[in-house]
Amino acid sequence: MPYVCSVRFQLVHRCCAAILNANWLLTSGHCTADLAGVPDAITIVCGIRMYRTVVEIVPHPDFQAAEASAPYKPAANDLALLAEVSILSFCACQHRLGPVLGAYLEEGNICTDNTPMTIATGGGTSTCAGDSGAPVMIAASDLQPYTLLAVPSWTVAPCVMKSITLVLWAIAAIVAAVGAAPERRIFGGTDALEGELPYQVSIQRAFLTSRSHICGGTILNPLHVLTAASCFWSDSTSRFEVVAGNLRIDRVADTQQVLGVFWIRMHPGFTGGTSSFDVAVVRTSSAFFFTDLIRPVALPPFGEIPTGLVRVGGWGSTNNSILPGNNFSNVLQKINVLIVPWNECLSVLGGPGGPFDERNICTGPLSGGISTCTGDAGGGAVQHLANGEFLQVGIITWNVLPCGGINTPSIYTRVSAFVDWIEANSAVNDGNRPQQRLIGGVRALPGEFPSMVSIQRLVLVRATHVCGGSVLNQFHVLTAAECFYTNPSNRYRVQAGKVLLNNFEPTEQTINVLRVTMHPQYDGTANPFDIAIVRLASPFGFNQFITPVVLPAINTIPDGIVKFAGWGSTSGGLLPSMPDQLQMFQVAIMPNEQCQVMVGGAIGTGPVTDRNVCLGPATGGIGACTGDAGGAVIQQINGVDTIVGIVSWQLAGCGQPGNPTITTRVSAFIEWINQNSQI
C-alpha cells in the first residue's frame, strides 16, 4: 500500500496517514491534536521512500480535541486503514454498539463489519492503537486504482475481539479544504539516441517466452553488470535476462544482445528497503560482444567524491503521481543533471537519521521537473569524459515520490564507496570461473554453450577427445571433415551437455556415431571445404544444457565480435596441454585479405578463400589449437546465438602473433548442410 505513511513523534510511530498529493496527507484529528503548536516536531515516513517534517496542521473545524482524549468518548470529525471488511448500515452499527457507545455515532460516521472474521476464531480483523489516520479504500478499478473512502477514528477495545470499527466518512470536504495539487509531468527526459548510453542494459524478468523490464544496469566488463540490490531483494529466485544494445524494451533490435543471468551477488550490508548499501553485481551466463552500441563503464578511485554533471538513463515511469506504477517508457530516456552538494541533499531529505548517508549522492534539480522514477533503479549516473571513457559515479537506488517534485532529489549509491567490493565480485577470475589465460581462453560455465559437443574416438573401452562439434538437430552434429579424414573407419561417440571432459556430469548425454558425411571436395589439406555432418545412432534429448545451434542465412558474410569454445590445447608450444574444462574465447573477425597475407599467401590465391572466416587478434595471445577443430564460432544475430563458422585450422604455434584462426564459413554451405541433416 504505497499511499500509507507513518506519523511519528520523537521517532515513535503514533498514527497512520494517507497521501493526498505532493504536499498534503490525511490523518485522524486526535493524532496531532496535542502537537498543533509544534508541527516541526512531527516526522512523516512514507513507506521506505520519504522522510519529511511537517509545516502545517489543518484540523477539521468541528473537531473537538478535548473530547478526543476523554475515556470512551471518541470524537466525531476525527480523521485512518482497515483489512478487507464490509460496511454496516447505520442502524446495524447503532444496534451493535449499544445504547451508551451508540450515542456517539453521527451521520458523518460509518462502521465496518468484523463479525465474519470473529465467529470462528474469537478474534479477527480490526483497527487498533496506532492505526488511526490510515486510509480505508474501496475496491480498485483500472480507471481508479486507489479511491479513498474514509479514515479510522475509534474502535471497541480490546482490538479484534468485538465486531465494530468506527470510521469517518466526510473525505470529499476535507480534500477540498486542503486543495489538490495540479498534475505535474516529469520534464527534461528525452529519447536517447543510438550509442549515447552504450553501457546501459535492461534487466528483465523472464517467464516462458516473455520478458518484462524491472531495472536498469550498466556493463562492467564482458561478464558482469552493475546494478541495485533492491532489484532482486524480494524476488531473487526468478529467471532474469540482461538486454544490451537496444533502446527499446517493447521490440527486438538487430543490434541487441540477450544474456542469461548465472548468479546475482547483493552487497551483504543490504537488508532490504531504502539502504545506502543498495548495490549488486550480476554475472551473465555468457559474454557481451563489445560494439559501438555495447560498451563498459569505468569505475572511479576508491573514496572519490563526485561533482558536476552526470548523464542518467532508464526506462522507468514517466508519471509523476504519488503512485507512478509500472507505466514504463518503451524508449530509453536520458537526462543530464547536476550532482547536488551532499549537505543540501541531507537537509531536504529530513536531516540525519534517515536512509540518506555518506555512501549516497543525489541529483537535482530541487526545483522539480526532472527525476528518476520507478523502474530506473540499478541504472548509472555516468560522467562522459573527454577521452571517451564512461565514468560511473552512482547507481540509481531510490527517489522521493512524487517523481520530479520540488525538493524531491534522485538518490544514488555512491560507486566510489564500494569500488573494492565491486571489483572483487566482478573479476573475470571469480570463484565460479577461474582465469586460465594460456591462449586467451577462460573456463566456460554449464549451459553457456548448450550446442557444444565433444567428438571422441573409441579404442576398445577407451574414449579420447578429438574434435568439437555442434548439435544440429536430435540426430545430427555439425563439425569439421578433418576430424575423420585420416581415420574414417574408427568408432566414434559424441558427448553433449558437458563442461568437464574427464568427469561424469548429470547433464551429459553420450551417443554413438552411426555414420559421418564429409564434404566431397575436402582433401585433407588447408581446404575451405572442411565441413562434415555426423549422424547419431539415437537422438538427443533437448534441455537447457543441450540445444541445437541456429544456422545463418545463406551466403551472409559475418563481421564483428564472435565467441567459440573447445577442449583444445591451452599450450602455445609444440606439446599440447589438454584442459579438462571447456574453454571459451571472445575474438574479432578479421578481413580475409589481411588473413591471407599472414598465412603466407598472395591476395586472391592460397588457402584462405571467401568460404573462410578469419579470427584475430593478429597480436597473438588468443587462438584455437589442437583439439578445437569442429567447434562452432558463435555470433548473436537478432538476439540469437548463431553459428557463423566452424573451427578449421591454424598455423603451428597456437596463439602466436601473426597466427590467425581459420574457420569454415557456414553460410556458404547451408544447402549442403540441409541436404545431409534430414531426420
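The following dialogue explains how several terms apply to this predicted model.

Guide: Residues are numbered from 1 along each chain as its sequence is written, and side-chain values use heavy atoms, with hydrogens and water left out. Because the model is predicted, local features need pLDDT of at least 70 and side-chain atom pairs count only at pLDDT 80 or more, while totals for chains, interfaces and linings use all residues.

Visitor: What is the confidence in the chain, and where is confidence lowest and highest?

Guide: The predictor's confidence in each residue is pLDDT, which runs from 0 to 100. The chain averages 78, and 74% of the residues score at least 70. Helices (DSSP runs of H or I, at least four residues) and strands (runs of E, at least two) are numbered from the N terminus. Confidence is lowest in helix α5 (residues 171-178), with a mean of 35, and highest in strand β27 (residues 476-479), at 97.

Visitor: How many contacts beyond four places in sequence does the model have for residues 66-82?

Guide: A contact means heavy atoms within 4.5 Å. The model has 60 such contacts for residues 66-82, where pLDDT stays under 50. For residues 140-145, where pLDDT also stays under 50, it has one. Where pLDDT is low, the predicted coordinates should not be read in detail.

Visitor: Why is the pair of Phe277 and Phe418 called edge-to-face?

Guide: Rings of Phe, Tyr and Trp (its six-membered ring) pair if their centres lie within 6.5 Å; planes under 30 degrees apart count as stacked, over 60 as edge-to-face and the rest as tilted. By this rule the count comes to eight aromatic pairs. For Phe277 and Phe418 the centres are 5.8 Å apart and the planes are at 75°, so the pair is edge-to-face.

Visitor: What does the pair of Phe277 and Phe418 tie together?

Guide: Phe277 lies in the loop between β16 (257-266) and β17 (280-284), and Phe418 in the loop between β23 (410-414) and α7 (419-424), so the pair ties together parts that are 141 residues apart in sequence.

Visitor: What makes Ala532 buried, and which residues is Ala532 in contact with?

Guide: The relative accessible area of Ala532 is 0%, so Ala532 is buried. Ala532 is in strand β30 (residues 532-536). Leaving aside neighbours within four places in sequence, its contacts include Val477, Ala481, Met518 and Trp672. Ala481, in the loop between β27 and β28 (491-496), is also buried, at 0%. Ala481 and Gly630 are 149 residues apart in sequence and 7.9 Å apart in space, C-alpha to C-alpha.

Visitor: What is the phi of Asn638, and where is Asn638 found?

Guide: Most residues other than glycine have a negative phi, and most peptide bonds are trans. Asn638, in the loop between β34 (632-637) and β35 (640-650), has a positive phi near 55°. Asn555 also has a positive phi, of about 65°, and is found in the loop between β30 and β31 (561-566).

Visitor: What is the omega of the peptide bond from Gly364 to Pro365?

Guide: Omega is near 5°, and the bond is cis. Pro365 is found in the loop between β20 (360-363) and β21 (380-384).

How values were computed
Buried < 20%, exposed > 50% of the residue type's maximum accessible area, 1.4 Å probe, protein only.
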